[in-house]
Amino acid sequence: TGVLAGVSAGKMIIDCATLTPERMVEMSEAVHGQGGRFLEAPVSGSKKPAADGVLIFLTAGDADVLEASKVELEAMGKATHFYGDNVGGGTRMKLVVNMTMGIQIAAL
């Protein structure tokens, strides 16, 4: 169902959702199970940075998907960071970024 219904051999899925690291792993396994390739790419940024094309992508997964999608990611963001092939790493980094920002806001 959903996006997984369209996955077949060689198709690339880039998931920019904010999910749990465990859910990203489940998505990756499902995509790979159908012969696809997967990149998690949660973003740091909100509506204004998205509109301005200055999001920050925190990625992990299949490096070849990152390489193949560089032009598209660069059109939407100012930076892309790759945390290796261990899916969940991008989401964990997003949690660190959000926690750090929350601490800074609370300190003010």
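User: Lys48 and Asp52 both sit in helix 2, so about how many helical turns separate them?

Analyst: Quick note: this is a predicted model, where local features need pLDDT of at least 70 and side-chain atom pairs count only at pLDDT 80 or more, while totals for chains, interfaces and linings use all residues. Residues are numbered from 1 along each chain as its sequence is written, and side-chain values use heavy atoms, with hydrogens and water left out. Helices are DSSP runs of H or I with at least four residues, strands are E runs of at least two, and both are numbered from the N terminus. Helix 2 covers residues 47-52, and because Lys48 and Asp52 are four residues apart in it, they are separated by about one helical turn.

User: How far apart are the closest N and O atoms of Lys48 and Asp52?

Analyst: Side chains of opposite charge can pair when their charged atoms come close. A salt bridge here is a side-chain nitrogen of Lys or Arg within 4 Å of a carboxyl oxygen of Asp or Glu. Lys48 and Asp52 form one, with their closest N and O atoms at 2.7 Å.

User: Is Lys48 buried or exposed?

Analyst: Buried means under 20% relative accessible area, exposed over 50%, and partly exposed in between (1.4 Å probe, protein chains only). Lys48 has 57% relative accessibility, so Lys48 counts as exposed.

User: Which residue meets Arg37 in a salt bridge?

Analyst: The structure holds four salt bridges. In this one, the N to O distance is 2.9 Å. The pair links distant parts of the chain, 27 residues apart, with Arg37 in strand 2 and the partner in helix 3 (residues 63-68). At 26% relative accessibility Arg37 is partly exposed, and the partner, also partly exposed at 40%, is Asp64.

User: How many residues make up the largest nonpolar core?

Analyst: A nonpolar core is a set of buried Ala, Val, Leu, Ile, Met, Phe, Trp, Tyr and Cys residues joined through side-chain atoms within 4.5 Å. Here the largest one includes Leu39, Phe57 and Leu73, and strand 4 and helix 3 each supply at least two of its residues. Apart from it lies another core of seven residues, among them Val7, Ile13, Met24 and Val87. The largest core's count is eight.

User: What distance separates the end C-alpha atoms of helix 5?

Analyst: Helix 5 runs over residues 89-107, which is 19 residues. The expected span of a helix is 1.5 Å times one less than its number of residues. That gives 27 Å, and the end C-alpha atoms agree, being apart by 27 Å.

User: Which residues does Thr91 contact beyond its neighbours within four places in sequence?

Analyst: Thr91 is found in helix 5, where Gly89, Gly90, Thr91 and Lys94 are buried. Contact means heavy atoms within 4.5 Å, and for Thr91 the list is Leu19, Thr20, Pro21, Met24, Glu40 and Pro42.

User: Stepping back, what radius of gyration does the protein chain have?

Analyst: The chain holds five helices and five strands, and its C-alpha trace spans about 50 × 30 × 25 Å along its principal axes. The radius of gyration is taken over C-alpha atoms, and the globule rule is 2.2 Å times the number of residues to the power 0.38. For 108 residues a compact globule would be near 13 Å, which agrees with the chain's value of 14 Å.
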